[in-house]
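Let's take a friendly walk through this chain. Have a look at it below, and then we will go from the overall picture to a single residue.

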Amino acid sequence: MRIDSCRKCGMELETNKKCEVCNDAIQFLCHKCGNVTDEQIHSVCYLVNMNRILLQTSVL
Ligand SMILES: [Zn+2]
Ligand SMILES: [Zn+2]
């Protein structure tokens, strides 16, 4: 995924949060104005993560 520039000030955004499953950036932060973009949920990764949690809880 490409990194956009801030909608408020036009500065390049930095990765604020990564997808736990595919390690792709899902949320961006602007250091200049503190603007944080909406988190992009990967529907496939979300399901994978859910399965992981289920597997973990069944082991415990
Ligand atoms: Zn993902
Ligand atoms: Zn900004």
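## Overall picture

Buried residues make up 8% of the 60 residues in the chain; a residue is buried if 20 or more other C-beta atoms, placed from the backbone, lie within 10 Å of its own, exposed if 12 or fewer, and partly exposed in between. This is a predicted model, in which local features need pLDDT of at least 70 and side-chain atom pairs count only at pLDDT 80 or more, while totals for chains, interfaces and linings use all residues. Residues are numbered from 1 along each chain as its sequence is written, with chains lettered from A and ligands numbered from 1 in the order in which they are written.

From the N terminus on, the elements run β-β-α (DSSP runs: helices are H or I with at least four residues, strands E with at least two). The radius of gyration, taken over C-alpha atoms, is 15 Å, well over the 10 Å from the globule rule for 60 residues, so the chain is more spread out than a compact globule. That rule is 2.2 Å times the number of residues to the power 0.38.

## The hairpin

Strands β1 (residues 14-18) and β2 (residues 25-29) run antiparallel, joined by four bridges; pairing requires at least two DSSP bridges. Glu-14 stands opposite Leu-29 in β2. Six residues separate the two strands of this hairpin, and Asn-23 in the turn has a positive phi of about 65°.

## A closer look at Lys-18

Lys-18 belongs to β1. With 12 other C-beta atoms within 10 Å, Lys-18 is exposed. Leaving aside residues up to four places away in sequence, Lys-18 touches Asn-23, Asp-24, Ala-25 and Ile-26 (contact: C-beta atoms, placed from the backbone, within 7 Å).

Terms used: Two residues are in contact if their C-beta atoms, placed from the backbone, lie within 7 Å.
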